[in-house]
Amino acid sequence: MSEISTVVEAANVYAEQTQKWIILPLHSTLSLAEQDKVFDYPPEGVRKCIISTNIAETSVTIDGVRFVVDSGKVKEMSYDATYRMQRLQEFCISRASAEQRKGRAGEN
């Protein structure tokens, strides 16, 4: 989630300068009201940019999405034998997961 916050902050700088973007985070720790904002239609001439965790991979379809930019990575809890403990690690996603993520964008 720190990565989401970092990208949202950077994108908001651009959005404030241009006044043509709405930047919305999407992850499971947001309230339902905050998550529902991604379904609102932006004003005419304004683009909606959603910065999301993999919650968007299987949980939602958002109408009006024209582009999906994906890092191709996922963070998952796994056992680290070096440290002998569970920890959050980053992995590359499968082609099937990439297709699923891409397919969650709705038709418009």
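The accessible surface of the protein is about 8,000 Å², and carbon and sulfur atoms account for 52% of that area. Accessible areas are computed by the Shrake-Rupley method with a 1.4 Å probe, and for residues only the protein chains shown count as cover. The model is a predicted one, in which local features need pLDDT of at least 70 and side-chain atom pairs count only at pLDDT 80 or more, while totals for chains, interfaces and linings use all residues. Residues are numbered from 1 along each chain as its sequence is written, and side-chain values use heavy atoms, with hydrogens and water left out.

The term pLDDT stands for the predictor's confidence in each residue, from 0 to 100. Its mean over the protein is 84, and 91% of the residues reach 70 or more. Among the elements, α1 has the highest mean pLDDT (92), whereas helix α3 (residues 55-58) has the lowest (66). Where pLDDT is low, the predicted coordinates should not be read in detail.

Next comes the overall layout. The protein has 4 helices and 4 strands, and along the sequence they follow the pattern α-β-α-β-α-β-β-α. Helices (H or I, at least four residues) and strands (E, at least two) are DSSP runs, numbered from the N terminus. Taken along the principal axes, the box filled by the C-alpha atoms is roughly 55 × 30 × 25 Å.

A contact means heavy atoms within 4.5 Å. Of the contacts between residues at least 6 apart in sequence, 51% join residues at least 24 apart.

Of the 108 residues, 24% count as buried. Buried means under 20% relative accessible area, exposed means over 50%, and partly exposed lies in between (1.4 Å probe, protein chains only). A nonpolar core is a set of buried Ala, Val, Leu, Ile, Met, Phe, Trp, Tyr and Cys residues joined through side-chain atoms within 4.5 Å. The largest such core has 7 residues: I4, V8, A11, A15, I23, C49 and I51. Both α1 (2-18) and β2 (47-52) supply at least two residues of this core, and its largest share, 4 residues, comes from α1. Leaving aside residues up to four places away in sequence, I4 touches P25, H27, I51, S52 and T53.

Another core, of 6 residues, lies apart from the largest one, and its members include L26, V38, V60 and I62. L26 belongs to strand β1 (residues 21-26). Why does L26 count as buried? L26 counts as buried because its relative accessible area is 3%. L26 and V38 are 12 residues apart in sequence, and their C-alpha atoms are 7.6 Å apart in space.

Q19 is found in the loop between α1 and β1, and it is exposed because its relative accessible area is 58%. The phi of Q19 is near 60°, a positive value in a residue other than glycine. R84, in the loop between β3 (73-80) and β4, is not a glycine either, yet has a positive phi of about 55°. At 68% relative accessibility, R84 counts as exposed.

S94 sits in the loop between β4 (85-92) and α4 (95-103). Its relative accessibility is 39%, so S94 counts as partly exposed.
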